[in-house]
Amino acid sequence: MTRTTNYVIFIEGKNMVEPLTQMPKAPETKAESNPLKKYYRQPAIYIKLPSGGQFYNSDSFTKTETGELGVFPMTAKDEMAFKTPDGLINGQSTVDVIESCIPNIKNAWKVVNHDVDVILLAIRIATYGETMDVTGTVPGTNESVTHTVNLPAMLEQVNQVKIVDNFITESGFEIKVRPMDYKTITETQQSAFEQQKQYAALATRTDLDDKTKGEQFSKNFKKLTEMNFDVLRRSIMQIKTPEGVEVNDQSQIADFLNNVDRKIVTEIQKGLTANRNQAALPPVKMKATEEQIKKGAPVNYDMPLTFDAANFFV
């Protein structure tokens, strides 16, 4: 004899003996039912990262099928973050704004150096529009000039760059590069800034004799040297010798940097600098007027476009 069991389902205080063909809809939250929701910000532009997202994992970055990321304009809260001095110094303001404006980036501390400029430029375009005035001094003169830059054209120029993660030194060593993330960049800048402050404070102290000052200067310089060496070591993923031997062990790479001829280290540092600047924003090409040339200015010169959050996002 077959035994049939009827299950009773209780939903919102009511029982149902008939089978469910569709689950009831979840109640709308206040945010979902907000009549002002249609006025929320939308992506203003879409960009592709110079790195192609190849240096990120799923915890820090969500890939898209097209490779394009939507960039939202800043909110009022985002803009206020850039007016917080401590947040600018320690990088937290920049991280918060990146994650707010590009939701696909879940951990902006992991953004690699190749992508930082493009991301900030895109947020600037999405928030304030396609042009920006840059001011600089004409070389050879004391004259200040202002030029209006077409930011999308600059963004397009950077997008043509194909990022490579290796280079060969003049001595024949092939270096595979590990890009710096924003956390490392910020910590390095902070350490250098703190050392500079200590140098300046030490130089003005009158309660110390020259010998004590000299010892303190040496100690601070040693710290700065060790920091720079550590950044150098961490930037190298692999070294391939001229004979074709591949070395990946970080302790062996550190020993190599500590004991090799300074000429080879200088070649590596030069290559790393060029590698990091692959996707850097190009300078603005300027042409001097006849009057400026008479004052000593070159016919053509470059005006760098720098990312100072204190004035770039205003």
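**Close-up views of a predicted model**

View A. With a relative accessibility of 12%, phenylalanine 173 counts as buried (buried means under 20% relative accessible area, exposed over 50%, and partly exposed in between, using a 1.4 Å probe and protein chains only). The model is predicted, so local features require a pLDDT of at least 70 and side-chain atom pairs a pLDDT of 80 or more, whereas totals for chains, interfaces and linings use all residues. Residues are numbered from 1 along each chain as its sequence is written, and side-chain values rest on heavy atoms, with hydrogens and water left out. Across the whole structure, a search finds 3 aromatic pairs (rings of Phe, Tyr and Trp, the last by its six-membered ring, pair if their centres lie within 6.5 Å; planes under 30 degrees apart are stacked, over 60 edge-to-face, and the rest tilted). In one of these pairs, the ring centres of phenylalanine 173 and phenylalanine 256 are 5.4 Å apart and the planes stand at 55°, so the pair is tilted. Phenylalanine 173 belongs to the loop between β7 (166-168) and β8 (174-177), and phenylalanine 256 to helix α8 (residues 250-259), so the pair ties together parts that are 83 residues apart in sequence. Phenylalanine 256 counts as partly exposed, at 22% relative accessibility.

View B. Isoleucine 268 lies in helix α9 (residues 262-276) (helices, H or I of at least four residues, and strands, E of at least two, are DSSP runs numbered from the N terminus). Its relative accessibility of 0% counts as buried. Isoleucine 268 touches Phe167, Thr169, Ile175, Leu232, Ile236, Phe256 and Leu257, setting aside residues up to four places away in sequence (contact means heavy atoms within 4.5 Å). The C-alpha atoms of threonine 266 and threonine 169 are 9.5 Å apart in space, and the two are 97 residues apart in sequence.

**View C. Arginine 233 in helix α7.** Arginine 233 is placed in helix α7 (residues 210-234). Leaving aside neighbours within four places in sequence, arginine 233 is in contact with Gln250, Ala254 and Leu257. Arginine 233 and asparagine 258 are 25 residues apart along the chain, and their C-alpha atoms are separated by 10.0 Å.

View D. Valine 111 occupies the loop between α3 (92-101) and α4. At 2% relative accessibility, valine 111 counts as buried. Apart from residues up to four places away in sequence, valine 111 touches Tyr56, Ile105, Val116, Ile119, Met180, Asp181 and Tyr182. Valine 111 and phenylalanine 55, 56 residues apart in sequence, have a C-alpha to C-alpha distance of 8.6 Å.

**View E. The crossing of helices α3 and α4.** The axes of α3 and α4 come within 11 Å and cross at roughly 65° (axes are lines fitted to C-alpha atoms, for helices over the stretch in contact, with angles from 0 to 180 degrees between N-to-C directions). The two helices are therefore roughly perpendicular to each other (angles under 35 degrees are roughly parallel, over 145 roughly antiparallel, 65 to 115 roughly perpendicular, and the rest oblique). Their crossing is left-handed (the near helix is turned anticlockwise from the far one by less than a right angle; clockwise would be right-handed). Thr94, Val97, Ile98 and Cys101 of α3 make the contact with Ile119, Leu120 and Ile123 of α4. Val97 and Cys101 are also among the residues touched by aspartate 78. Aspartate 78 is found in helix α1 (residues 76-81) and counts as buried, at 7% relative accessibility.

**View F. The crossing of helices α4 and α5.** Helix α4 (residues 113-128) and helix α5 (residues 151-159) have axes that come within 10 Å and cross at roughly 155°. They are therefore roughly antiparallel to each other, and α4 passes α5 in a left-handed crossing. On α4 the contact is made by Val118, Leu121, Arg124 and Ile125, and on α5 by Leu151, Pro152, Met154, Leu155 and Val158.

**View G. Lysine 183 over tryptophan 109.** Lysine 183 lies over the face of tryptophan 109, 4.4 Å from the ring centre (NZ of Lys or CZ of Arg must be within 6 Å of the ring centre and within 35 degrees of the ring normal).
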